[in-house]
Amino acid sequence: MSTVLSRRDVDFLLFDWLGAADLTDRDRYGEHSRETFDAVLDLCETIATERFAPINRLLDTHEPVVGEDGKVVLPAELSDALRVYADSGMPLATFDHEHGGMQLPFSVGQAGFAFFQAASAAAASYPFLSTGNASLLVTHGSPEQVERFARPVIEGRWFGTMALSEPQAGSSLGDITTRAVRQDDGTYRLFGTKMWISGGDHELTENIVHLVLAKVEGAPAGVKGISLFIVPKFLVQEDGSVGERNDVALVGLNHKMGWRGTTNTLLNFGEGLATPGGRAGAVGHIVGEEGRGLAQMFHMMNEARISVGMGAVALGYTGYLHALEYARERTQGRPVADKDPLAPMVPLTSHPDVRRMLLAQKSYVEGGLGLLLYCARLVDEQVSAPDEDARRRAHDLIEVLTPIAKSWPSQWCLAANDLAIQVHGGSGYTRDYAVEQFYRDNRLNPIHEGTHGIQSLDLLGRKVVAGGGAGLATLVSAIRETVERAAAAGGDAAAYAEQLDARVQRLVEVTGALWADGDPSVALANSAVYLEAAGHVVVAWIWLEQLMAVGDRQDAFFDGKRAAARFFFAFELPKVDPQLDLLASLDRTVLDLDPAVL
């Protein structure tokens with residue numbers, strides 16, 4: 001049994017449930033087949049298992065350092081693994097043919113990349129960030145910018161970053177101070193400091209393409225003044241060759257609790273350590289129009305947040321598989337009814353509380369994987385569905401589900417990692433076992449791409465009320481379609497459908513109550529609680545969908561699906577009731593609190 005990721009579960013979700021193979025009937029994916037999808041997944045699983053997983057601990061114990069020459073030093077094994085990844089063609093996976101890509105469905109690409117995220121989150125971060133970088137340029141850049149800056153990233157020759165945050169601003173991007181000065185040749189010179197830039201400096205590739213948020217001199221205050229710029233580490237000539245060093249300086253490396261093999265940097269732009277063209281200032285190329293930077297960045301945010309959620313699932317999943325393997329092999333204690341001290345010890349899986357912890361993990365990670373692949377499948381639907389109504393429905397569902405898809409796995413698959421440590425007992429928090437690293441790595445995901453609190457504000461403050469509540473209405477309609485099918489099927493599915501329908505109705509009522517007075521301060525005071533409740537309702541729906549896809553098939557895999565669904569409806573879904581009660585009461589505890597008493 002692989003301890004990276006369950007290929008059988010990936011295949012079940014992707015093909016048995018979501019019908020990804022049917023996408024090949026559409027023009028966009030007509031060159032593919034189930035066989036090509038399987039070949040891609042085989043390749044990803046093999047490279048992740050053979051090249052990424054073996055270096056995961058090495059990257060954790062050998063963090064990046066700055067050498068005497070000022071260059072970042074990383075283990076050679078990382079460069080080797082990333083070269084194998086690039087040579088496999090996987091950086092091209094989901095990009096269109098016109099950009100040299102394979103034009104694979106996003107769902108297949110996400111499923112394949114999940115193997116790398118599970119095998120080594122730190123190593124996978126470099127291509128993960130680069131894909132988001134190139135995707136944004138393909139969408140918003142000029143044809144010349146795509147060819148000059150995005151294509152080398154798409155081909156895996158260069159890496160890319162997102163340089164958004166600053167030391168004084170954090171997530172409040174309207175408060176950034178990096179400035180851009182117009183030049184006579186149409187370029188800009190950037191001056192400022194960026195913080196927490198993952199992959200911000202290294203020698204893994206010939207060049208690094210930074211996408212930098214900055215404000216042009218004279219731009220309005222706040223987010224309306226933000227523009228987006230391409231700022232390469234080395235200038236790129238018109239023929240695509242790499243030129244002189246740009247004025248982008250590595251100030252220092254941040255050392256995080258997880259993802260230790262990913263360089264995380266403090267960068268200065270325009271410090272003057274390099275003088276491109278004979279003077280200070282980092283040379284930048286504006287993407288689109290001035291003042292459109294944040295809108296451009298958020299255009300690609302849905303896919304990025306889905307990818308972060310998938311990373312959280314992958315880490316939770318591999319932790320679960322490691323815990324399951326350990327619990328099956330480790331013998332300890334005897335059943336409570338066995339009073340014979342000379343009786344042989346039994347595997348940990350013989351103990352009910354260990355089974356509870358394993359089943360909880362299974363329900364979180366397999367539910368999370370289902371949620372993320374469903375969202376990825378919606379992305380495919382949005383770009384390839386044959387009629388406008390189907391594309392619009394997919395868009396509305398993605399909008400309302402994205403905050404949940406990012407935050408629910410980041411919370412509950414992290415909880416799975418916590419339980420994986422607990423299953424190991426005292427061994428779990430030693431470095432002799434991998435589960436403590438999985439927890440540390442996954443603890444970053446509740447912060448990546450917008451914190452839990454930011455996602456909750458996005459969900460309750462924007463997504464469920466946008467268009468007069470159209471997004472929430474579309475989600476509720478989709479859930480109730482499943483409820484109707486499950487009710488007609490009878491048995492356990494019908495019982496679960498009844499439980500789910502009651503919570504969906506309550507969620508709708510509470511949403512209305514929160515916004516009844518139109519006061520955002522009151523409505524959003526407990527938005528994090530709303531996100532957690534909505535997330536559990538959605539994942540219960542995903543489990544009901546999985547159960548319906550299982551049907552009456554019998555073997556250990558399908559019986560495991562039934563057990564996990566039973567657990568989620570018995571142990572997890574009831575948790576939303578007190579949360580919805582709290583929300584309905586319009587509790588003002590945190591709103592009225594005087595910060596001085598904290």
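This report describes the fold, cores, aromatic pairs and selected residues of a predicted model.

## Basis of the model

Residue numbers start from 1 along each chain as its sequence is written, and side-chain values rest on heavy atoms, with hydrogens and water left out. Because the model is predicted, local features need pLDDT of at least 70 and side-chain atom pairs count only at pLDDT 80 or more, while totals for chains, interfaces and linings use all residues.

## Overall architecture

The protein chain has 20 helices and 12 strands; these are DSSP runs numbered from the N terminus, helices being H or I of at least four residues and strands E of at least two. Its C-alpha atoms fill a box of roughly 80 × 60 × 60 Å along the principal axes. The radius of gyration is 25 Å, in agreement with the value near 25 Å for a compact globule of 598 residues; this radius is taken over C-alpha atoms, and the globule rule is 2.2 Å times the number of residues to the power 0.38.

Of the 598 residues, 57% are buried, that is, under 20% relative accessible area, with exposed meaning over 50% and partly exposed in between (1.4 Å probe, protein chains only). The accessible surface comes to about 23,800 Å², and 52% of it belongs to carbon and sulfur atoms; areas follow the Shrake-Rupley method with a 1.4 Å probe, and for residues only the protein chains shown count as cover. Among contacts (heavy atoms within 4.5 Å) between residues at least 6 apart in sequence, 74% join residues at least 24 apart.

## Nonpolar cores

A nonpolar core is a set of buried Ala, Val, Leu, Ile, Met, Phe, Trp, Tyr and Cys residues joined through side-chain atoms within 4.5 Å. The largest has 141 residues, of which Phe52, Leu78, Phe116, Tyr374, Leu500, Tyr530 and Trp541 touch the most other members. Leu78 has contacts that include Ile55, Leu59, Ala123 and Leu204, leaving aside residues up to four places away in sequence. A second, separate core of 29 residues includes Val146, Met162, Leu164 and Leu173.

## Aromatic pairs and charges over rings

Rings of Phe, Tyr and Trp (its six-membered ring) pair if their centres lie within 6.5 Å; planes under 30 degrees apart are stacked, over 60 edge-to-face and the rest tilted. The count comes to 20 aromatic pairs. Phe12 and Phe558 are edge-to-face, because their ring centres are 6.2 Å apart and their planes at 70 degrees. This pair links helix α1 (residues 7-17) with helix α18 (residues 556-572), across 546 residues. Tyr374 in helix α10 (residues 352-384) and Trp541 in helix α17 (residues 527-550) tie together parts 167 residues apart in sequence.

Arg8 lies over the face of Phe558, at 5.2 Å from the ring centre, and Arg245 over that of Phe234, at 5.6 Å. Such a charge requires NZ of Lys or CZ of Arg within 6 Å of the ring centre and within 35 degrees of the ring normal.

His424 lies in helix α11 (residues 388-424) and is buried at 5% relative accessibility. Beyond residues up to four places away in sequence, His424 touches His322, Ala323, Tyr326, Tyr433 and Val435.

In helix α13 (residues 452-463), the buried residues include His452, Gln455, Asp458 and Lys463. Their cover includes α9 (301-329), α11, α14 (466-489) and α17.
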